[in-house]
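Trainee: Could you walk me through this structure, one step at a time?

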Amino acid sequence: MKFLVVLIVATIGVLLLKKAIKKYPWAFYAIAIVLDLFYILGGMIELPSIIRGLLFILMQKCTLSLALFVVVMYIGVFSKASKPSRYLTPIRGELSIIAWFLALGHMVTYLMSYTPRVLSGLGFMDVSIVVSLVIAILLFILLIVLGLTSFEFIKRRISLQMWKKIQAWAYVFFGLVYIHLMLLLLPSALSGGGTALISVVVYSVIFIGYLVARVVRALRDKTQ
């Protein structure tokens with residue numbers, strides 16, 4: 001499955017580029033924005049086939065952004081005293097913003113594609129499309145709020161208590177991402193699509209595994 005490959009490569013990249021991400025975060029934000037622009041304008045300009053193929057893999061299904069969000073998610077399941085947490089927590093905010101920029105490109109094109117179908121009435125021929133669009137809109141709203149409050153200059157302008165309340169909505173965001181993926185993949189998986197079935201299993205293991213691990217971590221933190 002392509003997502004697993006991207007997740008592994010992204011994780012290795014994060015580990016190797018940790019110092020650079022912390023020191024030059026805006027350079028990585030700029031790269032994410034450039035990828036967005038190439039992806040959005042891909043249908044209007046001629047790009048080499050290899051670049052078009054990479055953009056399709058990384059951006060079309062929000063693969064790279066989702067992989068980075070998964071890294072951000074799982075950083076939180078480690079004990080704060082553990083090596084993974086101490087090494088990666090300092091760039092957790094930066095990783096969230098990079099993933100945020102990448103997700104914006106995907107969601108803009110997704111909403112541009114599906115909204116006209118629903119407004120014209122064609123979307124109501126398939127309830128899953130309408131539900132998926134509603135969830136996508138909710139995700140977009142949460143993405144904007146969570147992303148903006150991840151920037152340090154905005155974080156400094158709100159109270160710590162308010163910031164924590166806002167960031168707690170990240171759990172809702174991750175849950176909606178999983179539901180969104182299942183709405184897209186389950187119909188094909190239930191119809192015998194092997195690739196879709198594998199994707200359902202992989203995403204379920206990642207997201208349900210995160211839920212279990214996060215609950216366990218919360219319980220352990222309370223007892224310490």
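Mentor: Gladly, and we begin with a term: contact means heavy atoms within 4.5 Å. This is a predicted model, where local features need pLDDT of at least 70 and side-chain atom pairs count only at pLDDT 80 or more, while totals for chains, interfaces and linings use all residues. Residues are numbered from 1 along each chain as its sequence is written, and side-chain values use heavy atoms, without hydrogens and water.

Trainee: Which helices do the buried residues of α12 pack against?

Mentor: Helices (H or I, at least four residues) and strands (E, at least two) are DSSP runs, numbered from the N terminus, and buried means under 20% relative accessible area, with exposed over 50% and partly exposed in between (1.4 Å probe, protein chains only). The buried residues of α12 include Val 200, Tyr 203 and Phe 207. Their packing partners are α1 (2–16), α5 (63–75) and α11 (170–190).

Trainee: Where does Thr 149 lie, and is Thr 149 buried or exposed?

Mentor: Thr 149 sits in the loop between α8 (127–148) and α9 (152–155). Leaving aside neighbours within four places in sequence, Thr 149 is in contact with residues including Ile 154, Trp 163 and Ile 166. Its relative accessible area is 8%, so Thr 149 is buried.

Trainee: Which side chain makes a polar contact with the side chain of Thr 149?

Mentor: A polar contact is a pair of N or O atoms within 3.5 Å; within protein, one must be able to donate a hydrogen and the other to accept it, and residues adjacent in sequence count only if both atoms are side-chain atoms. A polar atom of the Thr 149 side chain lies 3.2 Å from the backbone oxygen of Leu 146. The side-chain partner, at 2.9 Å, is Gln 167.

Trainee: Which ring has Lys 155 over its face?

Mentor: A charge sits over a ring if NZ of Lys or CZ of Arg is within 6 Å of the ring centre and within 35 degrees of the ring normal. Lys 155 is at 4.1 Å from the ring centre of Trp 163.

Trainee: What share of the 224 residues counts as buried?

Mentor: The C-alpha atoms fill a box of roughly 55 × 40 × 35 Å, taken along the principal axes. Of the 224 residues of the chain, the buried share is 42%.
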